[in-house]
Amino acid sequence: MRAPTILVAKGAADPNALLRSLSRYDVYEFTRLDELGGAVRRAELIVIRSGVRLDADRLAAMPQLRHVIRAGSGLDGIDTALLARRGIGLHRYAEASAPAVAEWCLAALLALARRIPLGAQGLALGGHLKTACLGTPVVSMRVAVWGAGPVGRAAAAVTERFGAEVAFAARPSITDGLRQLPAAELPGWADVHIVALPATAENTGAFGTGFLESAAGRRPLLVVAGRLATIDTGACLEALAEGRLTGLAVDPIEVSDAHLFKAGPAPLNLLATPHIGAQRADVRVLLDAWVTQTASAVLGREAVR
C-alpha cells in the first residue's frame, strides 16, 4: 500500500522540511500537476502558490484531498466553493508577504517618479534620454490605494512615510478610521494609483478604458501589486505609450502573461517584474516554516482521531 501523499508546487515551500516533519508521507514537488501520475489521486494535502489553478477538473482528479495550503494570499484560480462543499480545509497566511510587497510598491513608485525605467530602456536601445527623465518628488504626490487588505495597508504606510498624501478607495468594509475617498473621485484626485485588489469578478478589468479616461487629466502613475486581471493590460500599455499614463509598474506577471510585456521599439516608463513582490529571503523563511507547521498541525490532528 502506498503512503499518503503531499504535493508541493515548486517554489511554494521547502519539500525537504515537510519530509522531515511528516516522515510517514510521500512528498512530491511539481511544476505541472499532470506530470505526477498516480500521486495526484493519493494526495491528501497540496501546497500551492500563485499561478497554480485548482479548478473543478483538477480537484476531481484528487479524490483524497483534505487540505489546501496557499503559501501567500491570493485565491484566484482556486474553486473555494467546491473546496467548501467537499469539506477541504483552506489555509493561507495573507500577512506574511505584505511588508515585502509594500517595499516593491515603494521601489516601483520611486522608479516611476524618477523615470528610471524610461532612461534605462532608452540606453538599452542606444539612446540617451536625460532630458526626458525629469522626475517628480513623491512628497508632493497624492496616492490612491485600491484595496485595504494587508498589502494595501502596508503599501499606504510605507508611502506615507515618504510624505505622500494617501487615501483609500472607499468601501463599506473599511471601518477602522482609514482615510477614504469615493472611488469615483480618485481618478481626478490622485497622481499615483496603487492597485492591491484580488482578481474577483467585480475587479476584473476595473483599470481599463473607463478608468483611463477619468484619470487622463492627471496622467497618473499606475502601480499594480494585486492581480494582473484587475487591469486591462492592452489599454494600459497603449495609454502609457500615448502619454495618458506617466508610468506603469506591474508585478503580478506569471509565465503565461510574460508575452504581454515584451520590449517594444520605443522606450517606455514601464517597470514589469515576474511576480517578485514577496520574493524576499525573510518572507521565504517565514512562509516555509508556516507551511511546515500548518501541514504538521492539520495532518497531525487527523492522525490522532
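## Aromatic pairs

Let's start with the rings. Phe, Tyr and Trp rings (Trp by its six-membered ring) are paired if their centres lie within 6.5 Å; planes under 30 degrees apart are called stacked, over 60 edge-to-face, and the rest tilted. On that basis there are 3 aromatic pairs. One of them joins Y93 and W290: the ring centres are 5.5 Å apart and the planes sit at 50 degrees, so this pair is tilted. Y93 is in the loop between strand 5 (89-92) and helix 5 (98-113), while W290 is in helix 11 (residues 281-303), so the pair ties together parts 197 residues apart in sequence. Helices (H or I, at least four residues) and strands (E, at least two) are DSSP runs, numbered from the N terminus. As for burial, buried means under 20% relative accessible area, exposed over 50%, and partly exposed in between (1.4 Å probe, protein chains only). Y93 is partly exposed at 23%, and W290 counts as buried at 15%.

F207 and F211 make an edge-to-face pair, with 4.9 Å from centre to centre and 70 degrees between the planes. Both F207 and F211 are buried. Ring pairs also link W146, F207 and F211 into a cluster.

This is a predicted model, where local features need pLDDT of at least 70 and side-chain atom pairs count only at pLDDT 80 or more, while totals for chains, interfaces and linings use all residues. Residues are numbered from 1 along each chain as its sequence is written, and side-chain values use heavy atoms, with hydrogens and water left out.

An open sheet is formed by 5 strands in the order 2-1-3-4-5, with parallel pairing. Its edge strands, strand 2 (26-30) and strand 5, each pair on one side only. Two strands count as paired if DSSP finds at least two bridges between them. Strand 1 (residues 5-9) and strand 3 (residues 43-48) pair in the parallel sense over 4 bridges, and L7 stands opposite I46 in strand 3.

## Two nonpolar cores

A nonpolar core here is a set of buried Ala, Val, Leu, Ile, Met, Phe, Trp, Tyr and Cys residues joined through side-chain atoms within 4.5 Å. The largest has 41 residues, and I6, L7, L18, L33, I46, V47 and M62 touch the most other members. Elements giving it two or more residues include strand 1, strand 3, strand 4 (67-70) and helix 4 (80-86). Helix 11 supplies the largest share, 7 residues. Another core, of 30 residues, lies apart from this one, with L106, V143, V223 and A249 among them.

Back to I46: leaving aside neighbours within four places in sequence, I46 is in contact (heavy atoms within 4.5 Å) with residues including L7, F30, L33, M62 and V68.

## Helix 5

Helix 5 has 16 residues and reaches 22 Å from its first C-alpha to its last, close to the 22 Å expected at 1.5 Å a residue; the expected span is 1.5 Å times one less than the number of residues. Helix 5 is mostly covered, with 12 of its 16 residues buried, among them W104, C105 and L106. Just after helix 5, R115 takes a positive phi of about 60 degrees.

## A144 in strand 6

A144 belongs to strand 6 (residues 142-146) and is buried, at 0% relative accessible area. Setting aside neighbours within four places in sequence, A144 is in contact with A167, L186, W189, A190, V192, H193 and I194. The C-alpha atoms of A144 and R66 are separated by 40 Å, and the two residues are 78 residues apart along the chain.
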